[in-house]
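Here is a short report on one protein chain.

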Amino acid sequence: MIKRHLYAAARLLLVAIALSLGAVSPALTEGKPALEISERDFSCIRDMTPVRGFFVDSLTGDLDATLAVANSPNGGAYPPGSVVQLVPTEVMVKHPEGTSPATKDWEFFELTVSPEGSKIAKRGFVDVNNRFGGNCLGCHAKAKPQWDMICETGHGCDPIPLTKAMVRVIQKTDPRCESMPALSAEEKQLLGQLQQLLR
């Protein structure tokens with residue numbers, strides 16, 4: 001009995017040492033964030049890197065790897081830390097492999113944005129709905145496998161109820177940005193339509 005307790009204690013000690021040295025990574029459970037993410041990580045969408053109408057960034061500093069996938073004509077798996085954003089209030093962040101197999105390790109965020117910054121209204125893996133009641137995973141899961149759940153025209157996702165012009169106006173008027181570009185008369189009209197839609 002004593003030998004068994006000593007053996008168990010020794011095993012725990014070895015695991016603790018291995019973890020502290022980085023030799024073994026801790027087990028990840030479904031739906032538990034593996035990256036430390038706070039609202040401070042989300043700021044002006046236009047400070048990110050544009051790619052065909054959406055924006056990308058990297059929380060781990062490896063923007064080149066994120067851009068390599070975003071710009072690939074054949075798709076690919078985004079590296080951990082990748083941030084993908086179409087509009088200021090919705091964000092996807094890629095976690096390390098195994099964090100959430102159901103979402104291919106993407107975590108979805110619904111943000112409230114203002115000149116003061118971002119507030120996380122909702123976050124999670126399979127159960128986050130946007131302000132219109134649509135489930136984030138339900139839409140992104142329809143993307144063909146090579147696109148790693150990123151929705152663009154031709155990727156397999158359902159179309160969104162916004163035109164490209166509307167999306168550009170939403171991006172241009174992100175309240176977190178220090179400067180606002182001038183809007184054309186057409187853009188001002190679109191902005192008025194969007195404000196009515198969001199009421």
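Val-84 has Met-92 in β4 as its bridge partner. Val-83 stands opposite Val-93, also in β4. This is a predicted model. The two strands involved are β3, residues 82-85, and β4, residues 90-94, which pair in the antiparallel sense over two bridges.

On its other pairing, β4 meets β5 in the antiparallel sense over five bridges. Lys-94 stands opposite Trp-106 in β5. Four of the five residues of β4 are buried, so the strand is largely enclosed by the rest of the structure.

**The sheet as a whole**

Six strands build an open sheet, and its order is β1-β2-β3-β4-β5-β6. The pairing is antiparallel. Neighbouring strands are turned by 30° against each other on average, direction ignored. Strands of a sheet pair through backbone hydrogen bonds.

Helix α2, residues 63-70, lies across β1, β2 and β3. The helix runs at about 145° to β2, which spans residues 54-58.

Most residues other than glycine have a negative phi. Lys-104 is not a glycine, yet its phi is positive, about 55°. Asp-105 also has a positive phi, near 75°, and is a residue other than glycine. Lys-104 is found in the loop between β4 and β5. Asp-105 lies in the loop between β4 and β5 as well. Are these residues buried or exposed, or partly exposed? Lys-104 has a relative accessible area of 32%, so it counts as partly exposed. Asp-105 has 8%, under the 20% cut-off, so it counts as buried.

**Accessibility at selected sites**

| Residue | Relative accessible area | Class |
|---|---|---|
| Ala-34 | 31% | partly exposed |
| Lys-104 | 32% | partly exposed |
| Asp-105 | 8% | buried |
| Glu-187 | 14% | buried |

Ala-34 lies in the loop between α1 (2-21) and β1. Ala-34 and His-95 are 61 residues apart in sequence. In space their C-alpha atoms are 6.1 Å apart.

Glu-187 belongs to helix α5, residues 185-197. What does Glu-187 touch, not counting residues up to four places away in sequence? Its contacts beyond that range are Val-169, Lys-172 and Ala-182.

**The largest pocket**

The largest pocket has a volume of about 1,500 Å³. Its lining holds 47 residues. Nearest its centre lie Leu-86, Val-87, Ile-160, Leu-162 and Val-167. Which elements each supply at least two residues of the lining? They are the strands β3, β4 and β5, and the helices α3 (136-140), α4 (164-172) and α5. By type, the lining divides into 27 nonpolar, 12 polar and eight charged residues.

Terms used
Residues are numbered from 1 along each chain as its sequence is written. This is a predicted model: local features need pLDDT of at least 70, side-chain atom pairs count only at pLDDT 80 or more; totals for chains, interfaces and linings use all residues. Side-chain values use heavy atoms; hydrogens and water are left out. Two strands pair if DSSP finds at least two bridges between them. Axes are lines fitted to C-alpha atoms, for helices over the stretch in contact, and angles run from 0 to 180 degrees between N-to-C directions. Contact means heavy atoms within 4.5 Å. Buried means under 20% relative accessible area, exposed over 50%, partly exposed in between (1.4 Å probe, protein chains only). On a 1 Å grid over the protein atoms alone, a cavity is a set of points where a 1.4 Å probe fits but cannot get out, and a pocket is an open set with protein on both sides within 12 Å along at least five of seven lines; lining residues have an atom within 4 Å of a point. Grid points are joined across faces, edges and corners, and a volume is the space filled by probe spheres set on the points. Ala, Val, Leu, Ile, Met, Phe, Trp, Tyr, Cys and Pro count as nonpolar, Asp, Glu, Lys and Arg as charged, and the others, Gly among them, as polar.
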